[in-house]
Amino acid sequence: QVQLVESGGGLVQPGGSLRLSCAASGSIFSINAVGWYRQAPGKERELVASLSSGGSTNYADSVKGRFTISRDNAKNMAYLQMNSLKPEDTAVYYCNAAVVTSRSYRSLQVWGRGTLVTVSS
């Protein structure tokens with residue numbers, strides 16, 4: 001089995017910063033694309049940022065220039081640096097990864113349970 005665990009969420013004032021982390025563990029052979037999604041109350045889950053194994057990034061228009069996605073392949077970690085936070089960034093943030101398992105060598109889409117980010121004064 002493969003697990004993703006997010007951390008780093010919390011309460012921050014508008015204009016502040018947070019860094020989310022996503023730790024992958026389990027029977028991992030390799031990790032291809034990773035992504036961060038968010039879901040605000042009453043809204044559908046949306047893609048915030050993604051990072052391919054080749055280094056290509058994709059950001060939602062609403063976070064471009066403020067958020068940065070990165071990864072540490074040696075540690076099976078992914079990160080989301082969030083700067084200039086706004087109240088509309090308030091949401092539960094989820095980590096997602098396409099993981100090739102060492103048991104079956106098949107690619108699985110794995111989700112974390114999420115971490116809450118609240119931007120409020």
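Modeller: Arg45 lies over the face of Trp111, at 4.7 Å from the ring centre, and the charged end of Arg45 also sits over the ring of Tyr94, 3.8 Å from the centre of that ring. A charge is taken to sit over a ring if NZ of Lys or CZ of Arg is within 6 Å of the ring centre and within 35 degrees of the ring normal. Please keep in mind that this is a predicted model, in which local features need pLDDT of at least 70 and side-chain atom pairs count only at pLDDT 80 or more, while totals for chains, interfaces and linings use all residues. Residues are numbered from 1 along each chain as its sequence is written, and side-chain values use heavy atoms, with hydrogens and water left out.

Turning to the salt bridges (a side-chain nitrogen of Lys or Arg within 4 Å of a carboxyl oxygen of Asp or Glu), the structure holds four. One of them joins Arg38 to Glu46, with 2.7 Å between the closest N and O atoms. Arg38 counts as buried, at 6% relative accessibility, whereas Glu46, with a relative accessible area of 34%, is partly exposed; buried here means under 20% relative accessible area, exposed over 50%, and partly exposed in between, with a 1.4 Å probe and protein chains only.

Asp89 and Arg66 meet through their side chains in another salt bridge, at 2.8 Å from N to O. This pair links distant parts of the chain, 23 residues apart, since Asp89 is in the loop between β8 (77–82) and β9, and Arg66 in the loop between β6 (57–59) and β7 (67–72). The strands named here (E, at least two residues) are DSSP runs, numbered from the N terminus. Lys64 forms a salt bridge with Asp61, the closest N and O atoms being 3.1 Å apart, and Asp61 counts as exposed at 65% relative accessibility.

In one of them, the ring centres of Phe29 and Tyr105 are 5.1 Å apart and the planes stand at 75 degrees, so the pair is edge-to-face. Rings of Phe, Tyr and Trp (its six-membered ring) pair if their centres lie within 6.5 Å, and planes over 60 degrees apart count as edge-to-face, under 30 as stacked and the rest as tilted. Both Phe29 and Tyr105 are exposed.

How values were computed
Helix = DSSP H or I, 4+ residues; strand = E, 2+ residues; numbered from the N terminus.
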